[in-house]
Amino acid sequence: MSEPGRSLPSCRSRTRRPTAPNRFTGPVRWAGRLLCWNLAAGMAAAAADLLLAPSAGWWPVLWPLPWYLTCASLLAWAVLRAREKAAHRPPDEEDLPGKWDTAA
């Protein structure tokens, strides 16, 4: 038997609250994933440059590319995240419709 106050993993008695769909949620996730993968690729390329010291002519052009993409995806993620947070903010008092004043 389980401890009091804990539910079993198969018990789905707690329901998730439905969140309002936001058009920025998906792009924010993809930009975050792109940021993480570019950062990992940049670290792998830097490690390869340090440990393997490739002598290919294209290598000096290729290995900094993930770092540039990391900077670009960081900017994209920051802008999308700010817009996502702004979409969740409640409206100001001046922006409320007139019906809300009469309902109160």
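Select Tyr68 to begin: this residue is exposed, with a relative accessible area of 57%. The model on screen is a predicted one. Exposed here means over 50% relative accessible area, so Tyr68 falls in that class. Tyr68 is found in helix H3.

Which helix gives the largest share of the nonpolar patch? Helix H3 does, with three residues.

Now select the whole of H3, residues 65-88. Its 24 residues should span 34 Å at 1.5 Å a residue, and the C-alpha atoms at its ends are 35 Å apart, which agrees.

Within H3, pick out Pro66, Thr70, Ser73 and Glu84, which are buried. Against what do the buried residues of H3 pack? They pack against helix H1 (25-51) and helix H2 (59-62).

Stop at Ser73, also in helix H3. Is Ser73 buried or exposed? Its relative accessibility is 4%, so Ser73 counts as buried; the cut-off for buried is under 20%.

Show the side chain of Ser73 and look for the backbone oxygen of Thr70: the side chain reaches that oxygen at 3.1 Å. Then display the neighbours of Ser73. Leaving aside residues up to four places away in sequence, Ser73 touches Ala31, Leu34, Leu35 and Asn38.

How values were computed:
Residues are numbered from 1 along each chain as its sequence is written. This is a predicted model: local features need pLDDT of at least 70, side-chain atom pairs count only at pLDDT 80 or more; totals for chains, interfaces and linings use all residues. Side-chain values use heavy atoms; hydrogens and water are left out. Helices (H or I, at least four residues) and strands (E, at least two) are DSSP runs, numbered from the N terminus. Buried means under 20% relative accessible area, exposed over 50%, partly exposed in between (1.4 Å probe, protein chains only). A polar contact is a pair of N or O atoms within 3.5 Å; within protein, one must be able to donate a hydrogen and the other to accept it, and residues adjacent in sequence count only if both atoms are side-chain atoms. Contact means heavy atoms within 4.5 Å. The expected span of a helix is 1.5 Å times one less than its number of residues.
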